[in-house]
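Hi everyone, thanks for making the time. I'd like to walk you through one structure today, so let me put it up on the screen.

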Amino acid sequence: MRFRDWRGKRGRIVALAACLVVAVVALTTVVFSDSRSEAQRLVDDFVAALDDRDAGAAAALTSYPNAAEETISQMYDGLSDGTVDYDVTQLVELNDDSGYFTLSAGWNFGEGKDWSYQVTGSVRKLAVGWRVSWDPEVVVPDLSGGRTVHHVRTDAAPPKIFDRTGRLLMEEQTINAVVLDPAAMPDPVDTTTRLAAVLEPVAPVITAQLMQERMAENPGNRITAVKLRDQDYQFLEDGIVSIPGVEVLTTPTLISADRRISTPLLDSLRSAWQLERDRTAGWAVTLEDPEEGPIQVAGFQGPPPPDLQATVDSQVQLAAKEAVVTAGTPAAVVAIQPSTGGILAADVNNWAMELGPVITHGLYPAGGVLDPVRLAAGLERGVDPNDVGSDDVASTARRLGLGVDYDVPGFEFETSQIGHNRSGVVQFAGSDSDENLITPLGAAVLAASVARGSAAVPTIVQGQETVVHDAPEALPGSVIDALRGMMIDNVQNGPASFLRGHAGLAGIAAASGEDRWFFGYTGGDLAFAVFVADADGGDRAIKMADTFLRKLGEPLLGE
């Protein structure tokens, strides 16, 4: 291109650019032209700040920013779990420096939990510009007079939990936490000595030395010395409240009705109980008045949830407790009803309790526990049980309830980890090279599955359905019969023959390193597993099983 041609083209480009600039300026003028009055812009900006939950920005548009920010911030805090949408429904300008407006507000606190209202306010033109005349009722009706607003949960009377036989198992009671406050304690030695003397009849383990050691470990901090059931506290109250530096905090708590029952299942039952309370809970928005107290302005009372009937059997549970305390190393007992999958009992001794959730998440090397599964895997495939691989064992184990993905309301657990896919598994004990792991609960599920002829589905509350993901098919009847024969022979003629006196008992005595197991079932619709870690004798689990079975036949005290 010659220079002259380029110069001519350049002139046309410059002219086109100039036209574009004019067009953009014109467009910008149209887009940013705002026909709203100052009062309208103020109210719109105020509503936008409220919808954004920006208390500072909304308050800055009022005639009294400090008071407005305090009130609006409290509104957001008190209604923190809700969403809000404010809209301008009316704006009337009375003259050049005043007007009024109406807002509609809609709060939502979840499905079916809506609170709607209208508020009015005024605007004035002040020396600093247009402002919303501040009044707490411009955001929430009747909020003036020092009131605060809150979204609260409403519950009816709490349900109770009964055991499988209809015996009261758990109920909400008042628990009294006896708290030591060093700041209000002139003489810590005198306080702890006096408190220990008062507590001695019901809590002799809470000694003055123990309390002083705990205070030394937490210098200057308040500590809880003990938690007392209400009936115990009422007996000791006069002696406790008179001691300097001691105060009592009361809390409603779901606890066992029989203090002898302290199974790890109680925590899972609390979770299931709480799920029912959450399902039936109501809600309310209240205005807290300094003199009148709470005034409900929205919401409804939740209906009373039904009582729960646990699968736990108090007699079986107490027998399990009697059994686990006979071991001097970590031990556990789990019992299941094969016909329903209901967990009848679960308990651990103090040594196991220190390790964490041994029953539900204590994955231990399975060793001989899986011998019945290997037999079944071989029979399924028509090969010698010693020739089946880990993945074959895992596949057959699923058909006996091990490694199945169960979803039980309020109850989390593992049964086993078998095969090569064990990412994220943390063993409680044993060799890292052992690829087959099982929990005490898993061993009980295995026994229950053989007894019923198909995978047992664990439950802890009657009437609450357990979801089984990818439910396995039952093993052929001939394979189940072979497993039952193996377990009967193990008791009558094999390593578990010490237990042959218990009528109808079939089971397996197994070992894995120094750990000992026994799992089996009886003709009374009962399957169970016994686990003893680091056992000091080959028959430790068998003897514990004997204690458990003998205690089952004893009458339950209090009946």
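Let's begin with a hairpin: strands S1 and S2 form it, with two residues between them. Keep in mind as we go that this is a predicted model. S1 covers residues 83-95 and S2 covers residues 98-108, and the two pair in the antiparallel sense over 11 bridges.

Which of its residues are buried? They are Ala-208, Met-211 and Met-215. Looking down the axis of H6, you'll see these buried residues fall within an arc of 70°, so they line one face of the helix. On the face of H6 turned away from the buried side, you'll find the exposed residues Gln-209, Ala-216 and Glu-217. And what covers the buried residues? Strand S7 (168-180), helix H5 (188-199) and strand S8 (223-229) are included in that cover.

On to the nonpolar cores. The largest has 70 residues, and the ones touching the most other members are Ile-161, Leu-269, Val-369, Leu-441 and Phe-519. Helix H14, residues 440-452, gives this core its largest share, eight residues. A second, separate core has 40 residues, among them Val-47, Ala-59, Phe-101 and Val-138.

One last stop, Leu-269: beyond its neighbours within four places in sequence, its contacts include Ile-161, Leu-169, Ala-310 and Ile-460. Thanks, everyone!

Terms used:
Residues are numbered from 1 along each chain as its sequence is written. This is a predicted model: local features need pLDDT of at least 70, side-chain atom pairs count only at pLDDT 80 or more; totals for chains, interfaces and linings use all residues. Side-chain values use heavy atoms; hydrogens and water are left out. Buried means under 20% relative accessible area, exposed over 50%, partly exposed in between (1.4 Å probe, protein chains only). Helices (H or I, at least four residues) and strands (E, at least two) are DSSP runs, numbered from the N terminus. The arc is that of the directions from the helix axis to the C-beta atoms. Contact means heavy atoms within 4.5 Å. A nonpolar core is a set of buried Ala, Val, Leu, Ile, Met, Phe, Trp, Tyr and Cys residues joined through side-chain atoms within 4.5 Å. Two strands pair if DSSP finds at least two bridges between them.
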